[in-house]
Amino acid sequence: MSGFDDGWLALREPVDARSRNPELQARLCDLLAARSSIRVIDLGAGTGSNFRHLAPLLCASQHWQLVDNDNRLLQHQSVRLAEWSLRRGAVMQQNSAGIDIKASDLEATVERRHADLVTGMSTLGIEHADLLTGSALLDLAGREWLAALAGHCAGSGCVAFFTLSYDGRIDWTPGHANDADVRSRVNAHQRQDKGLGVAAGPDATAILVECFGQHDFDIHTGTSDWHLGVDSSALQQEYDRGLARAAGEFDPGFADIASGWLADRKSSSDADPTSSTMVGHRDVLAIPRSLKPR
């Protein structure tokens with residue numbers, strides 16, 4: 001799994017934060033917030049945005065393992081976490097075991113972990129986790145990997161919470177004659193191998209729900225759509241550039257049309273402040289039925 005840039009992740013982080021499904025997030029917090037401590041494993045953690053969003057919402061004492069196979073992003077975690085701690089008035093200290101973050105309402109230990117999510121899942125200590133989580137990850141994974149993920153959670157009895165998985169829906173306002181052609185090629189590109197098997201792409205959340213359905217879990221899903229407009233125009237334009245590139249990679253004969261579509265999209269957004277893009281995402285929360293409040 002590869003190809004994500006720190007700048008792109010920073011650009012999307014505030015939009016991700018406002019887009020997460022509030023009902024599922026509240027259900028998770030109700031389930032875990034009363035615990036005296038929790039252990040969390042964050043898969044495909046990147047620079048730690050999932051931690052930055054969820055940690056303040058959960059109980060006071062937390063241990064997070066931020067797992068990624070990209071050392072560049074793992075190295076950026078310290079910088080991003082230091083900036084975040086400063087904004088929150090927290091004290092951050094690095095030591096041989098990881099990063100300690102302390103504030104009036106939060107005490108967290110963050111362990112950075114380099115691991116291959118295909119071959120290294122069994123080494124992460126999922127059997128000791130209370131929560132297995134990830135953001136913008138599932139659509140990069142294949143059916144076999146998703147089934148294994150559900151199996152790990154079933155074996156450990158931990159909660160699973162995966163957010164912001166792309167579901168194949170993209171709508172632009174105003175519309176363009178080539179929107180559907182771009183979208184169909186992007187969705188086909190999404191179903192190629194991204195490093196975790198032949199990717200499920202837009203079908204990932206539905207497949208994971210199916211996989212969890214083979215175990216004893218209560219499963220909840222909800223939308224977490226991006227709504228990109230004038231307040232997120234930089235992300236909107238960068239996202240369109242990525243779509244045009246992906247459509248052209250999947251269908252080289254379409255590359256020139258994709259480039260023209262991108263130019264028209266940029267002209268439209270520059271001229272019309274009401275120009276917008278909706279990108280469909282889904283969140284999934286799976287709770288073991290055997291789970292007892294602590």
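Helices (H or I, at least four residues) and strands (E, at least two) are DSSP runs, numbered from the N terminus. Axes are lines fitted to C-alpha atoms, for helices over the stretch in contact, and angles run from 0 to 180 degrees between N-to-C directions. The model is predicted: local features need pLDDT of at least 70, side-chain atom pairs count only at pLDDT 80 or more, and totals for chains, interfaces and linings use all residues. Residue numbers start from 1 along each chain as its sequence is written, and side-chain values use heavy atoms, without hydrogens or water.

**Stop 1: helices 1 and 8**

Select residues 6-19 (helix 1) and 233-250 (helix 8); their axes lie 10 Å apart and the packing angle is about 125°. The two helices are therefore oblique to each other (angles under 35 degrees count as roughly parallel, over 145 as roughly antiparallel, 65 to 115 as roughly perpendicular and the rest as oblique). Show Trp 8, Leu 11, Arg 12 and Val 15 of helix 1, which meet Ala 234, Leu 235, Glu 238 and Tyr 239 of helix 8; contact means heavy atoms within 4.5 Å.

**Stop 2: helices 8 and 9**

Residues to display include Leu 243, Ala 244 and Ala 247 from helix 8, and Ala 258, Trp 261 and Leu 262 from helix 9.

**Stop 3: the nonpolar cores**

A nonpolar core is a set of buried Ala, Val, Leu, Ile, Met, Phe, Trp, Tyr and Cys residues joined through side-chain atoms within 4.5 Å. Buried means under 20% relative accessible area, exposed over 50%, and partly exposed in between (1.4 Å probe, protein chains only). The largest core has 31 residues; Leu 43, Leu 132, Trp 145, Leu 146, Leu 149 and Phe 162 have the most contacts inside it. Elements that each supply at least two of its residues include strand 1 (37-43), helix 5 (143-156) and strand 7 (159-173). Another core, of 27 residues, lies apart from it and has Ile 38, Leu 66, Ala 108 and Phe 161 among its members.

Now centre on Leu 132. Beyond four places in sequence, the residues that Leu 132 touches include Ile 41, Leu 43, Ile 126, Leu 149 and Phe 162.

**Stop 4: Ser 36**

Finish at Ser 36, in the loop between helix 2 (22-32) and strand 1. Ser 36 is exposed, with a relative accessible area of 66%. Ala 60 is 24 residues from Ser 36 along the chain, and their C-alpha atoms are separated by 7.1 Å.
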